[in-house]
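Hi there,

Here is the structure I promised to pass on to you.

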Amino acid sequence: MSLVFAGVCSHAPGITGRAHMADPDDKATFHAAFDEMRVALEATKPDALIVIAAEHFANFFMDNMPAYCMGMGQEYHGPIEDPDWLGIARTTIPGNPDLSQRIIQTVQQDVDLAYAEEWKFDHGISVPLNFLTPRYDLDIIPVNINCQGPPLTPLHRAWKFGEALRKACDAVPERIAIVGTGGISHWPATPDSGKINVAWDKAFLDEWQANDKDAMLRYTDAETLRDAGQGGFEIRTFIAVSGATAGSTAKVHYYRPIPIFAVGCTVGIVEL
Amino acid sequence: MSLYYTQKLLYNLNRDPALQAAYLADKDSVLKNYTLDEEELAALKKPDIGMLYILGVNGQILMHYAAMCGYAWPEYIQAMRDGLAKHGNVRAGIYATTDGKGAI
Ligand SMILES: [Fe+2]
């Protein structure tokens, strides 16, 4: 069929794990925005959801770090974190290895891609799924872009990966949804946890909404580290979604800096 | 300096509840399998979360070790701040600093 839904959201572990420490209005409005995203996703009746994530050393380590990896498992497990710490119960998540394989083969025509038949989801995927597929009844295809252990894939390759993914979605009969998930500016798990560069976030989100390729690919990692923290490297997931939806504008439905969640909390949907 | 193996130990602990149990029961029985120097061994065993941060352990790995060692979130953040105050700049990794102010 094609791509039926594309969007982006935050995934910081505090969103669920430290929800009780948040201002009630911050928690309520952000969780409501996630719920609206779930309703919009469900309305498109997807057969599978590809989650483009930036995982955090749950499966991939510096002994063998893929720039890009896609899941090809029958099922996945998560969260890998202590369920009490993350505020999400451990569960089994359905996969679709046949669909994964067909998508991987098409993506590989343009971008080299590792695959994994085993994958333990960390908060980078488990937090979005907690809100978007809370019954775990939709086939999930996880994707990881290495945003943690430099050297990192260049931004223009993240865009290219998105384009390749779109081609692959267009080539299968199933209805595919894509959600990219990452932080924009943030300094997670550092003494500066909770710091958020709102001006930087808003500028980047304006570019993301406009699908402004040149503007989004302009950032150097040195600039991103300086202005948006090491967590800012996760803009690769947003850029991959933009590459997959080149030519379409998008709308940010929610943005609010919530320091106890350690990120500018975001929900955005592409207007396909 | 064997930051790679310090992080690898924590990565393995985060992934494997059985290894966590073995480690909590007898740290040396697990630590002997990793190439670590005296400073790293001391920081792991104490545990000195602030020192592990200064050594350059990635926070996405360290935050789970801190939780496993019983640190609540604010205590974990404070431990890193204390580490900076006591030991100075982060020495390696993507959080390396030169101004004694953490990741800013
Ligand atoms: Fe992240």
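**Salt bridges and a helix pair**

Let's start with Arg135(A), which is exposed, at a relative accessible area of 53%. (Exposed means over 50% relative accessible area, buried under 20%, and partly exposed in between, using a 1.4 Å probe and protein chains only.) Before we go on: this is a predicted model, where local features need pLDDT of at least 70 and side-chain atom pairs count only at pLDDT 80 or more, while totals for chains, interfaces and linings use all residues. Residues are numbered from 1 along each chain as its sequence is written, chains are lettered from A and ligands numbered from 1 in the order in which they are written, and side-chain values use heavy atoms, with hydrogens and water left out.

So what does Arg135(A) pair with? Its side chain meets that of Asp137(A) in a salt bridge, at 3.2 Å from N to O. A salt bridge here is a side-chain nitrogen of Lys or Arg within 4 Å of a carboxyl oxygen of Asp or Glu. Side chains of opposite charge can pair when their charged atoms come close. Asp137(A) is exposed too, with a relative accessible area of 51%. Both residues belong to a network of salt bridges that also links Asp35(A), Arg38(A) and Glu42(A).

Over all chains, the structure holds 17 salt bridges. Another one joins Arg256(A) to Asp26(A), with the closest N and O atoms 2.7 Å apart. This pair links distant parts of the chain, 230 residues apart: Arg256(A) sits in strand 9 (residues 250-258) and Asp26(A) in helix 2 (residues 24-43) of chain A. (Helices, H or I with at least four residues, and strands, E with at least two, are DSSP runs numbered from the N terminus.) Arg256(A) is partly exposed at 25%, whereas Asp26(A) counts as buried at 14%.

Chain B has a pair like this as well: Arg91(B) and Glu39(B) form a salt bridge at 3.1 Å, N to O. They are 52 residues apart, with Arg91(B) in the segment after helix 7 (73-87) and Glu39(B) in helix 4 (residues 38-45) of chain B. Arg91(B) is partly exposed at 43%, and so is Glu39(B) at 34%.

Finally, look at helix 1 (residues 3-15) and helix 2 (residues 17-25) of chain B, whose axes come within 5 Å and cross at roughly 115°. (Axes are lines fitted to C-alpha atoms, for helices over the stretch in contact, and angles run from 0 to 180 degrees between N-to-C directions.)

Cheers
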